[in-house]
Amino acid sequence: MDEPTPHRIGGRYEIGELLGRGGMAEVRKGTDIRLGRTVAVKRLRTDLASDATFQARFRREAQSAASLNHTSIVSVYDTGEELSTDGSNVSQPYIVMEYVAGRTLRDILREGRKILPERALEITSGVLAALDYSHRAGIIHRDIKPANVMLTPAGDVKVMDFGIARAISDAQSTMTQTAAVVGTAQYLSPEQARGETVDSRSDVYSTGCLLFELLTGRPPFVGDSPVSVAYQHVREQAPAASSFDADLPPEIDAIVHKSLAKRVEDRYQSAAAMKEDIDRFLAGRPVQAPPVPVEPAYVPPVLPLGTDTAATSIVPGSWHEEPDRRSNWVLAGLALLLVALVAGGFFLIPKLIGSAPNQTSVPSVLSLTRADAESSIRQAGLTVGNVTEGASPTIATGLVISQNPASSAFVAPGTAVNFVVSTGKPTVQIPSVIGNNKDSVADQLRTLGLVVVMKAVKSDEPKDNVVALDPPVGTPVTVGSTVKISYSKGPQQVPNVVGMTEAKAVKALEAAGFQVSSLPDSQSTLPKGTVTQQSPPAGTTQNAGTLITILVSSYVPPTPTGTPTPTGTATPLF
């Protein structure tokens with residue numbers, strides 16, 4: 001029964017509206033009355049909280065999750081314990097989290113709306129960014145699934161429930177805990193399903209399941225029970241995503257296939273590596289995941305002439321079709337089983353051969369420093385081959401861009417591994433484009449990977465022609481640098497300055513890009529300093545820098561004639 005709302009826990013969190021209830025906890029909207037902010041409060045079920053081992057590990061995991069500070073991870077503000085209100089007086093752990101206004105991917109998928117492949121990859125890239133951050137902090141999520149990923153109204157990704165799944169899987173094995181884990185069987189990695197120790201690559205597998213569902217609308221494995229689904233994770237190869245959507249390109253199949261590899265050595269070795277491959281595809285560059293092997297086409301069985309298909313016996317009541325239809329189903333099923341065995345051999349035999357004791361898995365050295373790459377190669381029992389340098393628009397200087405053989409390939413011990421170290425962004429030379437049209441020059445520079453800023457200037461050159469570049473022609477610059485284009489405003493109209501004072505006329509003409517010459521006009525009777533004429537005349541179009549001559553009145557009005565004052569005559573004072 002739901003508690004009456006509002007209800008206060010921890011002395012400062014007033015909780016009310018129920019936001020969701022899962023297999024192991026409920027989440028309610030709340031208010032931090034001390035800070036005045038909206039929060040989400042998650043409390044574990046009373047039956048889970050009564051396990052002392054689980055309480056201790058949950059507390060430790062909650063503290064670890066609280067240390068994560070990433071834009072794609074739901075922040076944990078506080079954790080504590082409160083006596084349950086159902087009369088059992090069990091100390092019930094709770095976690096206070098960031099309140100995210102949005103919807104989970106599970107809710108979006110249940111609506112049945114198609115998610116575009118590019119958007120599915122963008123969402124997955126956001127999830128992997130969060131996982132990469134948490135893995136670097138030593139925290140494995142262990143429960144990546146659509147219900148634990150939210151999309152904000154702005155479309156940003158928020159990953160939830162860090163640490164809780166790990167605490168449950170590490171606790172003592174009880175029926176309740178087992179049920180909680182089996183509830184997410186559709187996203188379990190093979191090693192989780194086998195009960196083995198897991199690492200960050202288990203999260204990579206679960207993210208591959210998530211990506212598969214975003215692309216196709218269904219998980220890679222479905223079954224009548226969680227046990228049957230878990231068995232498929234361990235034993236069966238996931239179908240190609242393109243088998244459900246023929247428009248998906250082979251590169252996406254390759255990314256999904258690599259993330260869902262049964263052997264951890266064959267998967268992406270980190271969330272960052274998978275994210276990098278997804279980002280490569282979104283940027284239009286080749287992915288590093290190998291192509292998915294093509295499955296042999298199904299060939300219908302050929303029955304001998306005269307075969308009495310109606311005579312084939314089946315279990316009574318298992319089908320309701322006519323006898324000949326039923327026998328065809330049985331034969332088709334047997335044929336499909338045969339094809340499945342052949343296909344299984346096609347995939348498994350190379351793996352068995354490749355994983356023989358005399359074979360070594362090549363480690364991934366992408367994005368490592370040269371020293372770390374060489375160390376990783378030697379630790380794997382291999383030798384360092386040719387190390388060359390090359391430019392990269394995305395990989396920082398000193399980090400590995402590519403390697404050969406590729407990561408996860410199986411080779412003989414001692415095999416040489418070659419790799420390329422980034423020298424940073426490639427450089428290009430500013431081309432000789434002075435005098436060309438500004439738009440064509442801008443396109444040419446952008447093609448070289450440069451950022452263009454344009455400014456119109458006064459010049460004698462024809463309108464829109466480039467008159468200068470900064471940096472100048474011939475300068476080597478890195479891709480992504482900014483180049484300023486100065487282009488000509490072209491011929492200008494001469495402004496009308498007649499009637500202005502000389503100072504104002506000179507200022508107006510120079511502002512228009514012209515030079516000015518002033519000559520006195522002794523014939524004018526306009527006030528001194530007034531412009532009386534200009535040449536070339538106003539309104540004509542002239543090149544920048546043209547000399548404009550103005551005549552300036554020098555007229556001085558004559559002194560008025562009056563009666564002269566007599567000299568030498570004393571003026572009486574009184």
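**Overall**

I noted at the outset that this is a predicted model. I looked up the element count and got 15 helices and 24 strands. Of the 574 residues, 39% count as buried. For the surface, I found that the protein exposes about 30600 Å², with carbon and sulfur atoms supplying 55% of that area. I also checked how far apart in sequence the contacts reach. Taking contacts between residues at least 6 apart in sequence, 65% join residues at least 24 apart.

**A helix pair**

Next I went to helix H10 (residues 250–259) and helix H11 (residues 271–282), whose axes come within 11 Å and cross at roughly 175°. Because of that angle, I put H10 down as roughly antiparallel to H11. Which residues make the contact? On the H10 side I listed Glu 251, Ile 252, Ile 255 and Ser 259. On the H11 side I have Met 274, Asp 277, Ile 278 and Phe 281. Sorted by type, the residues of this contact are 5 nonpolar, 1 polar and 2 charged.

**Sheet S11-S14-S12**

I then traced an open sheet of 3 strands in the order S11-S14-S12, and its pairing is mixed. Strand S11 (383–390) and strand S12 (400–404) are the edges; each has a single partner strand, so one side of each has no neighbour in the sheet. Neighbouring strands here are turned by 20° against each other on average, direction ignored. I followed S12 to strand S14 (residues 416–422) and found them paired in the antiparallel sense over 4 bridges. One bridge I wrote down sets Ser 402 against Val 420 in S14.

Pro 405 has its place in the loop between S12 and strand S13 (410–411).

**Sheet S21-S24-S22**

Further along I picked up another open sheet, where 3 strands run in the order S21-S24-S22 with mixed pairing. Its edge strands are strand S21 (515–521) and strand S22 (531–535), each pairing on one side only. The twist averages 25° from one strand to the next. What packs on this sheet? I found helix H15 (residues 502–511), which touches S21, S22 and S24 and makes about 170° with the direction of S24. Between S22 and strand S24 (residues 547–553) I noted 4 bridges, and the two strands run antiparallel. Ser 535 stands opposite Thr 549 in S24.

I went on to a few single spots in loops. The peptide bond from Asp 470 to Pro 471 is cis, with omega near 5°. Pro 471 is in the loop between strand S17 (466–470) and strand S18 (476–478).

Asp 464 lies in the loop between strand S16 (451–457) and S17.

Arg 142 went into my notes too, with a positive phi near 75°. Its place is the loop between helix H4 (117–136) and strand S8 (149–151).

Technical notes
Residues numbered from 1 in each chain as written. Predicted model: local features only at pLDDT ≥ 70, side-chain atom pairs only at ≥ 80, totals over all residues. Heavy atoms only, no water. Pairing = 2+ DSSP bridges. Axes fitted to C-alpha atoms, helices over the stretch in contact; angles between N-to-C directions. Contact = heavy atoms within 4.5 Å. Buried < 20%, exposed > 50% of the residue type's maximum accessible area, 1.4 Å probe, protein only. Areas by Shrake-Rupley, 256 points an atom, 1.4 Å probe, with all protein chains shown as cover. Parallel < 35°, antiparallel > 145°, perpendicular 65-115°, else oblique. Nonpolar A, V, L, I, M, F, W, Y, C, P; charged D, E, K, R; others polar.
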